[in-house]
Amino acid sequence: MKQLTHRILLLTSIVFLFQACKSDDTEEPGLQTGSTFTQAQILSQTIIQNPSGFSPLASSLIMSTAIPTRATIRVVGKNGPNSDVVKEFPGFRTGHNLTILGLYGGYNNTVELTLHDESGNDLGTSAINLETAPLIADLPANIVINTNKAAKKEGMTLVSYFGHNGNQSPQRPFIFDEFGDIRWYLTFETSNALNNLFYDNGIERLANGNWYFGDRSSGRIYEVNMLGETINTWDLPGYSFHHQVLEKPNGNFIVTVNKNGLSTVEDHIIEIDRQTKQIVNEWDFRQSLEQTRFAMTQDQVDWFHINAVEYDGSDNTIIVSGRTQGLVKVNDQNEVVWIMGPHKDWGTSGNGVDLNTKLLTPLNSAGQAITNQSILDGSENDPSFEWNWYQHAPQVLSSNDIMLFDNGDNRNFSGTGSYSRAVHYQVDQTNMTIQQIWQYGKERGQSTYSRIVSDIDYDFMTNHVFFSPGAVINNGNYGKVVELNYSTKEVVFEATIFPPIAVFNITFHRTERLSLYPPEN
């Protein structure tokens, strides 16, 4: 309650007593001139700004009406109708608790409330002013929108922001609109549980519309709503969180973890039953892979460095990105199905399997097997095929198709190729082959080269790719979100995010285009 009371703006003086058939134009307290309510009787209205204390650009509107009504909220944007945030709340009721999202920081926001009755009549509109505090200094100093075309996918952009010096917490996700204005963020510095939040890869939206993320500091998985209120938590007994938690189609969580008491790190994955909160499976990559393969790293402790996991529902497997080994597909018995990555120096797994039999053979653009050992091992590239180097963020497009962010760190074991790519591979699991189908990013060189972190997303509805290098060091420090048409490679939207000067060199780990309000279930 302490966090609630010191951040509340209680408009207790705003009590609207409208006669059901009121027809005069008398201005009521708290309403701007021009309120058009003529039939609805608003018995009480209270606005609570930042009710949890963790979501400064969100508010709650609590209201009672004399008859059942349905409400629509509009936050009037700075940049015309395309910057408005409109939410039509479902259902008719006399008691309303409406979440207002999309406010600007350090601004006197205008919020319009429209009510409708069960007969479909528009009962009128009132306007409310909400003045917000300035954005906290840790948020980006500048977001530059380089292109802004009507072809972009609708919605706003979620950024799982690092945005702080390496010693500072908590991490703070934010959402910005197509004009580069931040319209929502979370900051947990006053939270007893999350004041040192380190979500690593970041936050994502659950099927139920809430956010979920892991926290390395507290060692838990969290579910929170748009107001930043904690809805549920899951403990990880015997393990500690790093990088990612993934919601499976059945609701369970797949979590990348360290297993306590071992001399190695970032080489285990567990599955948590969402309902019982029990651990129901474990993948130990010391057994399924070769712990002593040092072709891409000399680190004997963090030898695999799992940075992402993706679920493949076509055969109930997981695809795991090990930054310093490659992309690996395993079944739920921890058996390797295939390995995607340079062939150099693979040997025998911890449980005795010859891993050379699990390596995918690359095909050229003509569909012919590449036999050049230098290309297979990774020291050279074929004109139509390059391996994934220290990759992140794999996405399953179909049972045979995978897209990922190819960081390009130490490319060809020489480090001479300073470029990152979004790359689409097609895998033939029966014949154990891989073919490069599409790529973007090589042509942009160092301007989008990020040797660490970063994200890609393919959107099936628009046929667009979101290419998001998160730690570009090129005449400054920034992250980019590049939205392009897959077929034409035309860039339809591009944002460059500049964090404050003197921050850690990672701007973000992941981004996502989504609606500000979660979809109705």
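**Entry 1: Glu 266.** I started with burial, and Glu 266 comes out buried, at a relative accessible area of 8%. This is a predicted model, so I keep in mind that side-chain atom pairs count only at pLDDT 80 or more. What does Glu 266 form a salt bridge with? The partner is Arg 216, with the closest N and O atoms 3.9 Å apart. I noted that a salt bridge has to be within 4 Å. Glu 266 sits in the loop between strand S16 (253-259) and strand S17 (268-272), and Arg 216 sits in the loop between S12 and S13, so the pair ties together parts 50 residues apart in sequence. Arg 216 is partly exposed, with a relative accessible area of 36%.

I then looked at the backbone of Glu 266. Its phi is positive, about 55 degrees, although Glu 266 is not a glycine. I wrote down the background too: most residues other than glycine have a negative phi.

**Entry 2: Asn 316.** I found a positive phi here as well, near 55 degrees, again in a residue other than glycine. Asn 316 is placed in the loop between strand S19 (306-312) and strand S20 (317-322). Is Asn 316 buried or partly exposed? I get partly exposed, with a relative accessible area of 33%.

Entry 3: My search of the whole structure turned up 27 salt bridges. I picked out Glu 247 and Arg 274, whose side chains meet at 3.1 Å, N to O. That pair links distant parts of the chain, 27 residues apart: Glu 247 is in strand S15 (residues 239-247), and Arg 274 is in the loop between S17 and strand S18 (279-284). Arg 274 is buried, at 13% relative accessible area.

Next I checked Lys 442, which forms a salt bridge with Glu 386, the closest N and O atoms being 2.7 Å apart. Lys 442 is in the loop between strand S27 (433-440) and strand S28 (455-459), while Glu 386 is in the loop between helix H3 (373-377) and strand S24 (392-396), so this pair ties together parts 56 residues apart in sequence. Lys 442 counts as partly exposed at 38% relative accessibility, whereas Glu 386 is buried at 5%. Which residues are linked with Glu 386 and Lys 442 in a network of salt bridges? I read off Asp 406, Arg 411 and Arg 421.

**Entry 4: the sheet.** I traced an open sheet of four strands, ordered S11-S12-S13-S14, with antiparallel pairing. Its edge strands are S11 (204-205) and S14 (230-235), each pairing on one side only. Between them I followed S12 (residues 211-215) and S13 (residues 220-224), which pair in the antiparallel sense over five bridges. Trp 211 stands opposite Val 224 in S13.

**Entry 5: nonpolar cores.** Trp 211 came up again here. Of the 55 residues in the largest nonpolar core, Trp 211, Phe 174, Phe 176 and Trp 184 touch the most other members. Strand S2 (residues 59-75) gives the largest share of this core, five residues.

I listed contacts for Phe 174, leaving out residues up to four places away in sequence; among them are Leu 139, Pro 140, Ile 143, Tyr 161, Trp 184 and Ile 497. I also logged a second, separate core of 33 residues, including Tyr 212, Ile 270, Ile 272 and Val 328.

Methods
Residues numbered from 1 in each chain as written. Predicted model: local features only at pLDDT ≥ 70, side-chain atom pairs only at ≥ 80, totals over all residues. Heavy atoms only, no water. Pairing = 2+ DSSP bridges. Helix = DSSP H or I, 4+ residues; strand = E, 2+ residues; numbered from the N terminus. Buried < 20%, exposed > 50% of the residue type's maximum accessible area, 1.4 Å probe, protein only. Core = buried A, V, L, I, M, F, W, Y, C linked by side-chain atoms within 4.5 Å. Contact = heavy atoms within 4.5 Å.
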